Amino acid sequence: MSTTAEHEEILRGVMDRWKSGVDAHEPQQVASCFTEDAIFQGLHPYGVGRRAVAEYYDSQPIGLTAEYRILETRRVAEEVVLGYLGVDFSFTDRPTIRVTLSVLIRRTADGWSISHYQVTKLD
């Protein structure tokens with residue numbers, strides 16, 4: 001049986017790659033963190049797949065950065081980890097946006113990737 005520390009390590013590995021791509025404004029790098037059929041819900045209408053993820057992050061302003069905190073994690077199946085995170089998206093020209101983020105991380109032949117991404121904006 002896996003431990004919470006192992007779940008967090010899996011989640012952190014994927015989310016660190018995601019953060020690196022967001023911070024560098026590299027939409028293709030961000031998209032590579034997702035499965036081919038990922039359901040993606042940012043703050044705009046949802047999309048499916050890596051192309052939708054890349055388009056979403058390509059539309060974000062240069063200088064956007066993300067800081068995340070893992071709030072909860074669960075292993076819901078042998079090949080699936082659930083993550084619930086707090087994320088602060090910072091900009092160079094406007095106030096930070098605070099959100100909660102739920103992700104399902106799935107193990108594929110290529111390693112662990114995000115298969116579901118759901119953001120909720122906090123007021």
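Predicted model: local features only at pLDDT ≥ 70, side-chain atom pairs only at ≥ 80, totals over all residues.
- An open sheet of 6 strands has the order β2-β1-β6-β5-β4-β3 with mixed pairing, where two strands pair if DSSP finds at least two bridges between them.
- Because β2 (47-48) and β3 each have a single partner strand, they stand at the edges, and one side of each is left without a neighbour in the sheet.

**Neighbours of β4**
- Strand β3 (residues 65-77) pairs with β4 in the antiparallel sense over 11 bridges, and the two form a hairpin with 2 residues between them; Glu-67 has Asp-88 in β4 as its bridge partner.
- Strand β5 (residues 97-108) runs antiparallel to β4 and is joined to it by 10 bridges, with 6 residues between the two strands of this hairpin and Phe-89 opposite Ile-97 in β5.

**Helix across the sheet**
- Helix α1 (residues 4-23) lies across β1 (34-41), β3, β4, β5 and β6, running at about 145° to β3, an angle taken on a scale from 0 to 180 degrees between the N-to-C directions of axes fitted to C-alpha atoms, for helices over the stretch in contact (heavy atoms within 4.5 Å).

**Basis of the values**
- Residues are numbered from 1 along each chain as its sequence is written, and side-chain values use heavy atoms, with hydrogens and water left out.
- Local features need pLDDT of at least 70 and side-chain atom pairs count only at pLDDT 80 or more, whereas totals for chains, interfaces and linings use all residues.

Conventions: Helix = DSSP H or I, 4+ residues; strand = E, 2+ residues; numbered from the N terminus.
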